[in-house]
Amino acid sequence: MKKLCIIAFSVLASAVAISASDTMPVYLDPSKSIDERVEDALARLNTQEKIDIIHAQSKFCSKGVARLGIPELWTTDGPHGIRPEVLWDEWEQAGWTNDSCVAFPALTCLAATWDPELSLLYGKSLGEEARFRGKDVVLGPGVNIYRTPLNGRNFEYMGEDPYLASRMVVPYVKGLQSLGVAACVKHFALNNNELNRHTTNVIVDDRALYEIYLPAFKAAVQQGDAWSIMAGYNLYDSQHLCHNARILNDILKKEWNYKGAVVSDWGGAHDTMEAITNGLDLEFGSWTNGLYAGASNAYDNYYLALPYLDLIKQGKVGTDELDDKARRVLRLIMLTAMDNCKGNGSMCSKEHYDAARRIGHDGIVLLRNENYLLPIAKPSARILVVGENAIKMMTVGGGSSSLKVQREVSPLDGIRSAASSLGMSVDYARGYVGDITGEYNGVVTGQDLTDSRSAAELIAEAKTKAAQADYVIFVGGLNKSAGQDCEDSDRASLSLPYDQDNVIMALAEANSNLIVVNVSGNAVAMPWVKKAPAILQAWFLGSEAGNSIADVIFGHVNPSGKLPFSFPVKLTDNAAHHLNAYPGTKRADSEIVDLEYKEGILVGYRWHDTKKIKPLFAFGHGLSYTDFEFGKLSADNSVMTADGTITFTIPVTNTGKMAGAEVVQLYISDPKCSVMRPAKELKAFDKVWLEPGETKNVTLSIDRDALSYFDADKHEWVAEPGDFIASVGSASDNIKSTLKFKLK
Ligand code: BGC
C-alpha cells in the first residue's frame, strides 16, 4: 500500500515535470526514508517546539508543529475498542453521537484462542476503527504477566506465559500498525497488580525479570516493531517506571535498541530531572483534573514542559536528551499522523462484528463437559437461563478500556435467538442481584437492573423454574465494577461475588443438566465444580458476547479455546499468595509499598507443575466436542547443535464426529541443570483444524533459545549441553508423548 502510494506520488510529480525532492522539504517527502524525514524535521524545530511535542495538550492529544504542517498526535484507549470522545481536559464525554464502536473481546479471550491469525485480524479490525476516528495511537495491547488472580486488570492482558503472550502480541501490533496506527504496548513493566499501583515498588530477581516479565514486551517491540510503548505506574529499583533508568534506558533503549517513543501512563510522571534523563519521551496525564486533582489545562506545567525548558534556559541541562525525545516523537508522528497513504478506515462494519464474534467463540474455553452435556441439541428443549451476567452489559466499566458500543448482544439475547431458530424455548430467572450500576465517565448502559426481591426469593424462583427445565444455563462470574475485573483496584478474594456459589449449588440440586458460563477475565474459585457437569469460561466478549456464547452452547462452533492462565483451587495455591508475596509491605517512612516477587520464575503453571500443586484447571486446558488422538512424537534429529534447530512431528487425529481445532503444545524440560528449572515451559504451539477422521502431522520447531535460561550473573542466556525432554500435549497437565534429545 505504502509503496503504491509513493509510486503514485512520483508519477504525479513527473507528470507536472517537477522532482519531489526539488520542491518538497525532505520531512514531507514520502519517497524519503523515515529516518531522513525525521532528521530533517528535527533540524527545523526550535527548542520551544521540541518541548511542545513531548507532552500532552489535552487528555489524549499532544501538539504538532503547525508552522511546519506537522500535525497533532491523537491517542485513544485501547485495547478492546476505540474509546468514546471525552472533553478536551476532562474525562467526561464530549457528547459526540458518532463515536460508538465495536467492542472486541478482551485480550484474555484473544490469548485463549491461541491463534496468531486471529490476533492479526484483531489488530487490523481495531486499526480500521481507529483510522475512521482519526486516531494515531491506540493505547494497547497490554502484556503484563498474570501473576495473581486478584489483579483487577488481568482481563486486559494475555495470560501467565511469556511465550504465549509473545506469540499473540506480535500480530496484534503488526495488524494495527498496517493501518498507520501505532500500538502503544503497555504497561512496561512489572505492573502486575492494581492495588497501590502508584506506590508499589517491585523487587524481582533478574532471572524472573528476563524470563517472565520482559519477553512479551521485547517481542512486541522487536518482532512487532511497536512504534510506542507505555511505561507503567509503579516502581522498580525504587524509581517510577515512567522514568526508570534501568528498564527504559539500559534495557529498552540500549539492550533492545528501541527507536520508538516511550509514553508515560496517564499521570505516571513524577519528576522533571528523572523524566529528562531516564527515558521518558512523551508525557500524558500529569496534573490535570483527571488522575491527580490539580489545575485544569495545566499542560504547560507538565514535568516535560516549562520546568524542562527552564532548566535548559538556565543551562542546568543540555539539549541532547531533548533531541532524542523529539526525534522519537517525530518518528511516531511521521509513521502515523503524517502517513498520507493510510486509508480512511471503517467503523462498526459487518466485518468487524464478524471478527469480534469469531475471536469470541474461538476464545471461549470448555472447561468441563461430563457425558457431553454440551452442545445442546435436544429438539424442543426447554432452557432456563439464570444470572445477572446473562443480561448485564459488560462493555461499560472496568476503567480506561470502557467503551461506548453501537450494540452489545447479551448472553440471554444470544441464547434466545439461537434457541428459537432451533425450536427450543428459553425462560430467565435473575438468581442474584450483583451490581446494578452501569456508568463510566458519563457513558451509561441505560439498563435498569433493579430487583428488590431478597436473595432467598430469587434463589427460590430460579430453583422452581430450574426443576421444570431440560437444561439450566447459569451465566455469572465477575463484572467490571471496582474490586472485580476493573482498573485501579484488585479483587478481595478468589471467590465469586454476590453469593453466586449458593445460587449454583441450589440450581445443581434442582437440575442435573447444569451448565455454568463464567464471565470473567480472571480465575475464580469453583467449590461446586463437581456439581456442574458443563462449565464454559467465557471472558468479556464485547459486542457479540451473546452470539459467541450461543455459537458454542448450541454447537454451531466447536470450542477450541485454551486457558492462558492456571485456575488454582484456592488462592494460596497460586505462588504469589502461597509465599505471602502480595500486596507487599508499606515502608514506615514513606508511602512506598515494597513487593518482592518471591516466587521468582515460578509463575503460573511453572509453579503448579514444579511444586506439584494440582490446579483446578491447568494452563493450556480446554476441551472440544470432538476427540483428538495424539500419536508418537518424533524428531528430525536427536541432537541439537549450538546454532541448530530441531523439528518435532506428532500425528494428531480427530477421532470424533465433529470437525474442530486442537492446540498442540510443546513444552521443554531440562531435567539436569546447574540452576533450578521449572518442570516444563511452553516453547511452541500450533492450532490445527481437523475434519472427523482426519489426521495431520503437526510440526513444531525450536532452537537453542527454547532451551536457555537467563544467567543473571553473566547477564546472558545460557543453554547447558546435555539432555532435554520435549513433551507434547493438549494442555500443560495433559501430555501425550515425550521425547529425549541432546544439546551438543
Ligand atoms: C491507564 C492506561 C490508559 C490511560 C489513558 C491510565 O489510567 O493505566 O492503561 O491507557 O489511563 O486512559
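# Notebook: loops, ligand and contacts

I started with S489, which is buried, with a relative accessible area of 14%. The cut-off for buried is under 20%, so S489 qualifies. I note here that the model is predicted. S489 sits in the loop between β15 (471–477) and α17 (500–510). I then checked what its side chain touches. The side chain of S489 reaches the backbone nitrogen of G483, at 2.8 Å.

**Entry: the ligand**

Next I turned to the ligand. Which residues come nearest to it? I listed D77, R153, H187, Y233 and D265, out of 14 residues around the ligand. I found five nonpolar residues, two polar ones and seven charged ones.

R153 places a polar side-chain atom 2.7 Å from an oxygen atom of the ligand. For Y233, a polar side-chain atom lies 2.8 Å from a ligand oxygen. E487 has an N or O atom of its side chain 2.8 Å from an oxygen atom of the ligand. How much of the ligand's accessible area does the protein cover? On its own the ligand has 310 Å² of accessible area, and the protein covers 98% of that. I also checked the pocket list. The ligand takes up the space of the second largest pocket.

**Entry: cis peptide bonds**

I went back to D77, one of the residues that come nearest to the ligand. The peptide bond from D77 to G78 is cis, and omega is near -5 degrees. G78 belongs to the loop between β2 (73–76) and α5 (107–113). I read on to the next bond. G78 and P79 are also joined by a cis peptide bond, with omega about -15 degrees. P79 is in the loop between β2 and α5. I marked both bonds because most peptide bonds are trans.

**Entry: positive phi**

Y372 has phi near 50 degrees. Y372 lies in the loop between β10 (365–369) and β11 (382–386). Its relative accessibility is 44%, so Y372 counts as partly exposed.

W539 has a positive phi too, near 60 degrees. I placed W539 in the loop between β17 (534–537) and α18 (545–553). Is W539 buried or exposed? W539 counts as buried, because its relative accessibility is 1%.

I moved on to the loop between β12 and β13, where R430 is found. R430 has 5% relative accessibility and therefore counts as buried. What does the side chain of R430 reach? I found the backbone oxygen of L449, at 2.9 Å.

T437 is in the loop between β12 (425–429) and β13 (439–440). T437 shows 52% relative accessibility, so I logged T437 as exposed. The cut-off for exposed is over 50%, which is why T437 goes in that class. T437 and L449 stand twelve residues apart in sequence, and their C-alpha atoms are 7.8 Å apart.

**Entry: helix α10**

My last stop was helix α10, residues 245–255, which holds K254. K254 has a relative accessible area of 62%, so I wrote K254 down as exposed. I checked K254 against V38. The two are 216 residues apart in sequence, and from C-alpha to C-alpha they are 20 Å apart in space.

L248 lies in helix α10 as well. Its relative accessibility is 0%, so L248 counts as buried. How far apart are L248 and N278 in space? I read 6.7 Å from C-alpha to C-alpha, for a separation of 30 residues in sequence.

**Recap**

I flagged two cis bonds, D77 to G78 and G78 to P79. I flagged positive phi at Y372 and at W539.

Technical notes. Residues numbered from 1 in each chain as written. Predicted model: local features only at pLDDT ≥ 70, side-chain atom pairs only at ≥ 80, totals over all residues. Heavy atoms only, no water. Helix = DSSP H or I, 4+ residues; strand = E, 2+ residues; numbered from the N terminus. Buried < 20%, exposed > 50% of the residue type's maximum accessible area, 1.4 Å probe, protein only. Near = heavy atom within 4 Å. Polar contact = N/O pair within 3.5 Å; in protein donor to acceptor, adjacent residues only side chain to side chain. Areas by Shrake-Rupley, 256 points an atom, 1.4 Å probe, with all protein chains shown as cover. 1 Å grid on protein atoms, 1.4 Å probe; cavity = no way out; pocket = protein on both sides within 12 Å on 5 of 7 lines; lining within 4 Å. Sits in = over half its atoms within 2 Å of the grid points. Nonpolar A, V, L, I, M, F, W, Y, C, P; charged D, E, K, R; others polar.
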